Amino acid sequence: MTQRILHLGVGNFFRAHHAWYTQSCPGWRITGVSFRSPDIRDRLSARGYNYALVIKDAAGTQINRITCMDRMLVVAENPGALLAEIADAAISVITLTVTEKGYRLGPDGTLDMSDRAIQDDLRGGAVTPVGALARGLAMRRTPVTVLSCDNLPDNGRKLGQAVAAFADAASLTIPPDVAFPSCMVDRITPATTDDIRAEAQDPMAVPTEAFTEWVIEDEFAGPRPNWPGVQWVQNVAPHEMRKLRMLNGAHSYLAYAGTLRGHEFVHEAIADPVLRAGARGIMAEAATTLPEQVQTQAADYADALITRFENPNLNHRLRQIAMDGSQKLPIRILATMADRKGQASPALNAAVDAWLHFVQAEVAAGRQLDDPMVDALASACATDDPETALRVLIGAN
Ligand code: CS2
């Protein structure tokens, strides 16, 4: 019997990570969901949902074919279809990669009830991930697991709380047999370029690195795929802190400081001695905040991260990582600083400074920032004291 996963957010990361794992699970198929644009659905369905995963490390390239997705829905075309799918007993796992901003959480990590799209959904819509999940799950009659695969600490619990808050406000009842485990996901996945498409002879090819990691809390409410290589744990927090604070923290620093120093790619930035020392500094400062269980692995993990950043064949653009800084910095940099409880944190401070300078340089150059707070950030830059105004916006005081 075929088992089905419903996946919200069919971007490159999902196609390189989750879909790659599911490809090795006979009997499991994925229905993908795009919220706005039919573009990916149209282009993937034209090729039978078959695409090349172009796996690159220093040693060379390997191409895998991914075929485990066989249907896609586009919410903008038919919001009701997504709700029916979420409620459908044939779906046993619902997964999400909708990026940090997709959850529409406020600075305290709870659902932002003042968000315009959430307010629209509360008035009967279902076009945000949280609104659609709450409305679909309220119609559900069989157990289901909802697994957030985004780079948010406590991603499962935060999503579960957001869905519950939406349900409360909309007078919906979420059945008790819905599980929201948290997980940590990791595979560096750049945007696709024409070179990658030409190399794989596939317009839908996705580039990624050979390294991959997935640590998931083993708290599923129904059947789950036996994803190969997944580490099943009771509490993902230590793993997710290690990854978010060391990998993503260093990534964000390199993105802002690296762009300001004229670099284009991560492998170029990490070869710059100033930036390399800065990235090492972030990792070292972050390591002191990690639970003991993972602190002992931190030095080896840091070395492995530097090697991954050096990957000469991945061409990971710093500007791709630089987007959505207002959503990423609090999680990747400010939370680490707070946990250092007043100890000097020069590398983390340098990351905040780099973001402040990057935002101001972009606004001064007349470039539109790729960030959900774009308007507020631009207004902050126009004040007498832009740095203070920008700090206030992300809670960096
Ligand atoms: C990156 C991540 O774009 C970014 O913000 O830091 O996408 C990073 O490449 C992944 O989390 C790696 O698993």
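Predicted model: local features only at pLDDT ≥ 70, side-chain atom pairs only at ≥ 80, totals over all residues.

Residues are numbered from 1 along each chain as its sequence is written, and side-chain values use heavy atoms, with hydrogens and water left out.

**Exercise 1.** Work out how the rings of W20 and Y21 are arranged.

Solution. Step one is the rule: rings of Phe, Tyr and Trp (its six-membered ring) pair if their centres lie within 6.5 Å, and planes under 30 degrees apart count as stacked, over 60 as edge-to-face and the rest as tilted. The structure holds six aromatic pairs. In the W20 and Y21 pair, the centres are 5.1 Å apart with 90° between the planes, which is edge-to-face. Step two is burial (buried is under 20% relative accessible area, exposed over 50%, partly exposed in between, with a 1.4 Å probe and protein chains only). W20 has 23% relative accessibility, so W20 is partly exposed. Y21 has 2%, so Y21 is buried. Finally, zoom out: W20 and Y21 belong to one aromatic cluster with W214, F220, W227 and W232.

**Exercise 2.** Explain why the pair of Y256 and F358 counts as tilted.

Solution. The ring centres are 5.1 Å apart and the planes of Y256 and F358 stand at 55°, so this pair is tilted. Next, place the residues, using helices (H or I, at least four residues) and strands (E, at least two) as DSSP runs numbered from the N terminus. Y256 is in helix α10 (residues 237–260) and F358 in helix α17 (residues 346–364), so the pair ties together parts 102 residues apart in sequence. Y256 is buried at 0% relative accessible area, and F358 is buried at 6%.

**Exercise 3.** Which strands stand at the edges of the six-stranded open sheet?

Solution. Two strands pair if DSSP finds at least two bridges between them. The order is β5-β2-β1-β6-β7-β8, with parallel pairing. The edges are β5 (69–74) and β8 (178–179), each pairing on one side only. Inside the sheet order, β1 (residues 3–8) and β6 (residues 91–96) are joined by five bridges, and R4 has I91 as its bridge partner in β6.
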